[in-house]
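Here is a short tour of a few spots worth a look on your screen. Keep the sequence and the model side by side as you read.

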Amino acid sequence: MGDLREPLKDLIECGLPQALEVMGERWSFMILRASFNGLKHFEEFLSELGIARNILSNRLAKLVEHGILKREPCADDRRKIEYRLTEKGFDLLPAMLALRQWGQKYGTEQVVEDPVLVDELDRLPIGPVSILAHDGRILGPHDLWLVRPANLGKRADGTIASPGTGLGLGDIVDLEAAKQAIAR
């Protein structure tokens with residue numbers, strides 16, 4: 001990944017420890033997965049997840065405190081509380097899918113996906129979560145490089161790169177071509 005290394009002693013400067021501080025244990029991910037599946041009420045989480053009441057209460061409070069879920073009174077019964085995903089919570093979906101796919105591929109037990117997560121348009125299974133370049137190219141480990149912020153866009157040959165337009169929702173990536181490029 002280049003001549004530079006991340007300053008591993010200064011872990012607080014990296015986003016990973018900050019993310020793990022909020023999400024770094026099993027129940028937080030299970031609650032988040034349940035939220036993506038439409039659960040909103042404390043009792044729903046409790047019965048569906050089989051989690052202890054005190055642990056659920058603690059994890060929900062932490063997810064609310066960090067802005068991943070928000071507490072709102074129910075529209076039809078103001079005495080009841082709903083836990084709803086925020087934009088910050090929805091932004092965890094790619095990480096959740098990547099972890100899910102990794103677990104299916106490398107878990108100790110064979111995982112049969114039922115139901116299967118599909119693309120709503122054609123109802124075919126979603127592809128693997130990938131690392132994308134600014135212009136939408138799928139990157140492999142050999143494509144990643146660390147540079148100082150002052151050197152962003154400076155290529156190895158000294159030329160300057162300009163950002164592409166990138167991909168938008170619904171844009172199509174040629175996965176076969178990308179896989180072949182990574183294999184080279």
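Where does Thr86 lie? This is a predicted model, and in it Thr86 sits in the loop between strand 2 (81-85) and helix 5 (87-90). Thr86 counts as buried because its relative accessibility is 16%, under the 20% cut-off. Leaving aside neighbours within four places in sequence, Thr86 is in contact with Gly67, Ile68, Leu69 and Lys70.

Now move to Arg59, in helix 4 (residues 53-65). Its relative accessible area is 19%, so Arg59 is buried too. Not counting residues up to four places away in sequence, Arg59 touches Glu25, Trp27, Ser28 and Ile31.

As background, an α-helix has 3.6 residues a turn, so residues three or four places apart point the same way.

At the start of helix 2, a side-chain oxygen of Glu25 reaches towards the backbone nitrogen of Trp27. Just after helix 2, Gly38 takes a positive phi of about 95°.

The polar pairs are set out here:

| Atoms or groups | Distance |
|---|---|
| Arg59 side chain and Asn58 side chain | 2.8 Å |
| Glu25 side-chain oxygen and Trp27 backbone nitrogen | within 3.1 Å |

How values were computed: Residues are numbered from 1 along each chain as its sequence is written. This is a predicted model: local features need pLDDT of at least 70, side-chain atom pairs count only at pLDDT 80 or more; totals for chains, interfaces and linings use all residues. Side-chain values use heavy atoms; hydrogens and water are left out. Helices (H or I, at least four residues) and strands (E, at least two) are DSSP runs, numbered from the N terminus. Buried means under 20% relative accessible area, exposed over 50%, partly exposed in between (1.4 Å probe, protein chains only). A polar contact is a pair of N or O atoms within 3.5 Å; within protein, one must be able to donate a hydrogen and the other to accept it, and residues adjacent in sequence count only if both atoms are side-chain atoms. Contact means heavy atoms within 4.5 Å.
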